[in-house]
Amino acid sequence: MRKTLVVLAAVATTLGGAVAAAAPRQSVTISPSRPSVVYGGSVTLSGKVSASKAGETVDVLAEAYGASSFSTLGSVSTTAGGKWTDVVKPTIETAYRATWKSATSSTVTVKVRPLITLTLINVASGRFSTKATAARSFAGKFVLVQRLSSTGVKTLKKVTLDAGSSATFRVRLHHGRSRLRVVMPTSQTAPGYITGMSKVMTVSR
């Protein structure tokens, strides 16, 4: 009988140790609301801590393109269920992480497109202006002026940007409606930025 009790006690101890060893590790997750953003726009980061309760402090870290390490952007508190959110405005391609207690999340990267504008100056002469805005200059880079139609996209010309990352140009407009846009390919926006494009402009003459 005594031997049986000893065996049962040993089994209980072993099982208890297994349960303790299987206790969930601390963890925190992170996810961006979208993978890319136009310069000046914002992205919402969100996640959850394994404690699944409100009032926990989560630190949000960022590493912008060209930086050598992550730095803390700020701290947020979890809400019901251990969920957290934070709104960020990356000015160049940026990687993000979240930390909570001893846990570190995976790394997510948000890519950034330069803000490209297209402005009509004079419809009779087909004169327009364009400008590329980001955290650095695009002087000497080029953009493509394109016409969109039911048959596809046609590039009308290549325009080089000046010291202010802007340019004026003329295009031959068809009678009726023309749908135009300006595109800056990644070959011109990189490093740190991806392809940018203006909104499509409809011009009638």
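**Rings and burial in the predicted chain**

K158 sits over the face of F142, 4.4 Å from the ring centre (a charge counts as over a ring if NZ of Lys or CZ of Arg is within 6 Å of the ring centre and within 35 degrees of the ring normal). This is a predicted model, in which local features need pLDDT of at least 70 and side-chain atom pairs count only at pLDDT 80 or more, while totals for chains, interfaces and linings use all residues. Residues are numbered from 1 along each chain as its sequence is written, and side-chain values use heavy atoms, with hydrogens and water left out.

F128 and F169 make a stacked pair, at 5.8 Å centre to centre with 15° between the planes. This pair ties together distant parts of the chain, with F128 in strand β11 (residues 127–133) and F169 in strand β14 (residues 166–170), 41 residues apart. Both F128 and F169 are buried (under 20% relative accessible area, with a 1.4 Å probe and protein chains only).

F138 and Y193 have ring centres 5.9 Å apart and planes at 75°, so they pair edge-to-face. Here too distant parts of the chain are linked: the two residues are 55 apart. F138 is buried at a relative accessible area of 0%, and Y193 is buried at 3%. Across the 205 residues of the protein chain, 36% count as buried.

Terms used. Buried means under 20% relative accessible area, exposed over 50%, partly exposed in between (1.4 Å probe, protein chains only). Rings of Phe, Tyr and Trp (its six-membered ring) pair if their centres lie within 6.5 Å; planes under 30 degrees apart count as stacked, over 60 as edge-to-face and the rest as tilted. Helices (H or I, at least four residues) and strands (E, at least two) are DSSP runs, numbered from the N terminus.
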